[in-house]
Amino acid sequence: MMGNWTLNNGGNSVAKYSLMVNGTRRQFEAEPEMPLLWALRDVMGLIGTKYGCGISLCGACTVHMDGTPVRSCTVRVSDVGEAEITTIEGLADPRNLHTLQQAWIDLDVAQCGYCQAGQIMTAAALLADKPNPSDADIDAAMAGNYCRCGTYVRVRAAIHRAAGQMASAQGLPAATVGHWEPARTEAQS
Amino acid sequence: MSTLIEEVTRAVKQQGLSRRNFLKLTGVAGGGMVLAATLPSAAFGADDLPTLVGSAELNAFVQIASDGTITIYSANPEMGQGIKTALPMMIAEEMGANWDDVVVEQSPIDTARFGYQWTGGSAVVSSNYERMRKLGASAREMLIGAASEAMELPREELRAANSEVVHGSGKKLSFGDLAALAVRQPVPDESKLQLRDPSEFTIIGKSISGVDNLQIVTGDALYGMDVKVPGMVFGAYQKCPAIGGKAVSANLAVIKAMPGVLDAFIVEGNGRVDQLLSGVAIVGTSTWAVFNAKGRLEVKWDESGASKDSWTEMVANADRFLQGPGKTQVVNNGDIASGFSNSSNKIIESRYEYPFVSHLCLEPMNCTASFVKGTGGEADSVEVWAPTQGPMGIAPTLESLFGVAKDRVVTNQTRMGGSFGRRTSAEYVCEAVAMSRHVGKPVKLTWTRQDDLHHDYFRAGGFQSVRGAVDEKGRLVAWDQHAVGMEANGRPVFGSGFRQTEFPFLNLKNARGTLSLMEIDTPCGAWRAPGANTHAFVVQSFIHELAHLAGRDHLEFLLEIMGEPRWFKEGSAGALNTGRAAGTIRLAAEKAGWGKTLPEGRGLGLAFHFSHAAHVAEVAEVSVDANRKLTVHKVTAAVDVGPIMNPSGAENQVQGAIIDGLSTMLGQKITMEQGRIQQDNLDEYPVLRFPASPDVAVHFIESDFSPTGLGEPGLPPLAPAIGNAIFAASGYRVRTMPISDEGFTV
Ligand code: FES
Ligand code: FES
């Protein structure tokens, strides 16, 4: 009934790692080839970062490495070194959301929601780099983040909204606003 | 083959549940809508309150805590279609709750308490509209009854609003204060419940942000993939790439020696695609460990009973089939022969083709299962955490497969990372249970993206030939359509059938529809708007071809086919209403600027389709260059699904359906040879990305018909609208999906 248990995880195939994740140093053992995605999810219990394809083509696993968005499914845990990792859980305090997170709620962006952590992480890096992005900037930066449910119209609008709010919080002129007009209802004809 | 859908239907039949008698059975006979005080206010003598929540007698959709928090259960699975928000909105509306006081919780699976726990067919909103409102109204009456007692005022003078029961004198009591007393009120007679007039609505019809949004944007656990239970190990499962093959042997010793692998073993299975196919299970200390080991797996398969399906052969067979009419006559209205033989009529015939496509849910199939072997005379038990559209079908399936009594199975439903009709089978649940039973620990099974693409229930591909005649006045006078679809075990697979009521058969005097089917083994299933998602492409493209042949404006031609406003089945929301259809067609055309002058290479395309009781018209505006590079500028949709529950959620569904439809028609195609699916991942199965994603404008016609669902019907008109726009822009007629097969890129 019970199979033969061959425990390798205590053997020499694992190594010790000490990574800075969301401002906290985390020590754990893992196989060196383990992608950061699975170390985050299965070893550290940070499940906000999602698996979608495993080959850098969907963006669901996007995290920041020293502020740069990377696909954690193709970054080996042994290659992280001293880089600071930020995941969706560490983007902001849940009681004091990042402007993007609030814009996502205000515009009700999500459908299934599975891709949205990755979308927000890529968008956060975009705004850090370009506080006032055009639609073309957004499309270029977000091109690697797939949304199966097709929320692209709202993601664009939410990025514009957050950019505008972040600009006005700094006393700057509001950024360009998105051109999504919410649905209209018509009287019965 | 009984699917989960059938299990569910059986379960419902056994319990005698139906939409109409739900309230009687579980509402009145079962003890009624329960308003339970989870934290009873001391003022009302909390100690002697009966324990109501969890009582088998009673049904709890609503609980009110003394601090005023109103907890509403969402009983049906959420896959991104928004019912976890929309259904509780209906209850809260009738209660007179302030939405800010409402907390929505996903309910346990308990059909005796919650009724039909299922989602699909864009049917949840329509089938629950009245029921949810009655549950809310029942709660309201109990609160008012409690207030009447507490304030010593006649109940007729009281009303519930903003989470309070108010009297004209200004006296009021909050729901929180009333909760403990309210649970002791008699359950109102369902037949006497008064529902609010829609003009009073303060919640229904308002845009309300999804109830899980905070958790979604902060990365909190919601999905099947996020489940963690104590002692859990991780699993992967390899099935034969040729569907239905059996694992004979594998390099298990090598696999077991790989890093992080705890066990590897062959599972025999019961041979059912929707339950447990034979395969090799790998269990380990992380998802990566088992995925990594799976990559090194070498299996000897017995493929004698496996699928040999070949797309190349299907195409060749279709060409033979399409040389004449189909074997089965589905519709034969009037006389098509004279329309086609009249030499003054113009006639064309076109062949259309569409491929198999995958659901490609971004969250791959997964399930966490804990099989606990009974000890000391106790029976075995199972607990599963499953992202599924049919949670109520899990227990009967596990009982039949593993011999675990239904009442020893606990099913926890999780949010789904997309489904689109995919998560209606139980195989990923059965696989996880089989693995947990073998290793004696909870196992979280995750399919790789490749597993998910290879072992889908695909939207079936198909081929159609349509012939039409227009007379001297440019009127459509004969229509002959032959669809070639797929069958399994002698029955059309999902979406391959052909209904007599399919548009435009009922609109036309002289129309014939015939069907041919080819037997396949590749599993097919419900894929967003089954049938309609391919049928609309053929019919709405061909109508445009005919309008062009007749030298007429497409809009006017389509409205003429629609004819005078009438029902095809009086009073049935499930039937086409030509007046509602024409309303959406006109509105979409008007909003998109139909008839406006456009530069060279740019065009508008129109299409309408009726599916899932919804009337939807869409107009696409596209540009096409000399190299067939396509730019979709904008898609304008007009939708009539009756009153809209949550405009934000409703619009999101239509926006998403349009993007989904575009993504699918541009480049998605599943092919198979020797029974093996040829596409492994997103590099071979391309998806629509931000840069090619159009603007979408959605317009709702809020008619007085009863509300119907929106998860699916926004999709079917999209492909023909794009195809027709491509024709308008370039003169090129698209007749094959995906259009990348015809050389288009975005
Ligand atoms: S899982 Fe990393 S990009 Fe898809
Ligand atoms: S919201 Fe479902 S994948 Fe983006």
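This is a predicted model: local features need pLDDT of at least 70, side-chain atom pairs count only at pLDDT 80 or more; totals for chains, interfaces and linings use all residues.
Residues are numbered from 1 along each chain as its sequence is written, and chains are lettered from A in the order in which they are written. Local features need pLDDT of at least 70, side-chain atom pairs count only at pLDDT 80 or more, and totals for chains, interfaces and linings use all residues, while side-chain values use heavy atoms, with hydrogens and water left out.

Chain B is divided into domain 1 (4-218), domain 2 (224-305 + 365-446) and domain 3 (324-358 + 458-742), with bounds from an automatic or database domain assignment. The centres of domain 2 and domain 3 of chain B, taken over C-alpha atoms, lie 39 Å apart. Their contact (heavy atoms within 4.5 Å) draws on 8 residues of domain 2 and 11 residues of domain 3. About 680 Å² is buried between these two domains, 56% of it from carbon and sulfur atoms; buried area is the accessible area (1.4 Å probe) that two parts lose on being put together, summed over both. On the domain 2 side, Pro241(B), Ile243(B) and Phe420(B) lose the most area to domain 3, together 63% of what that side buries.

A salt bridge is defined as a side-chain nitrogen of Lys or Arg within 4 Å of a carboxyl oxygen of Asp or Glu. Between domain 2 and domain 3 of chain B the count is 1 salt bridge.

Over all chains, the count comes to 45 salt bridges. Asp226(B) and Lys50(A) are joined in one of them, at 3.2 Å from N to O. This pair crosses between chains, from the loop between α7 (213-218) and β8 (233-239) of chain B to the loop between α1 (36-43) and β3 (62-65) of chain A; helices (H or I, at least four residues) and strands (E, at least two) are DSSP runs, numbered from the N terminus.

Within chain B, Lys373(B) and Asp380(B) meet in a salt bridge of 3.4 Å, N to O. Lys373(B) is exposed, with a relative accessible area of 52%, whereas Asp380(B) is partly exposed at 21%. Glu378(B) pairs with Arg408(B) in a salt bridge whose closest N and O atoms are 3.6 Å apart. These two residues are 30 residues apart and link distant parts of the chain. Arg408(B) is partly exposed, with a relative accessible area of 27%.

Notes. Buried means under 20% relative accessible area, exposed over 50%, partly exposed in between (1.4 Å probe, protein chains only).
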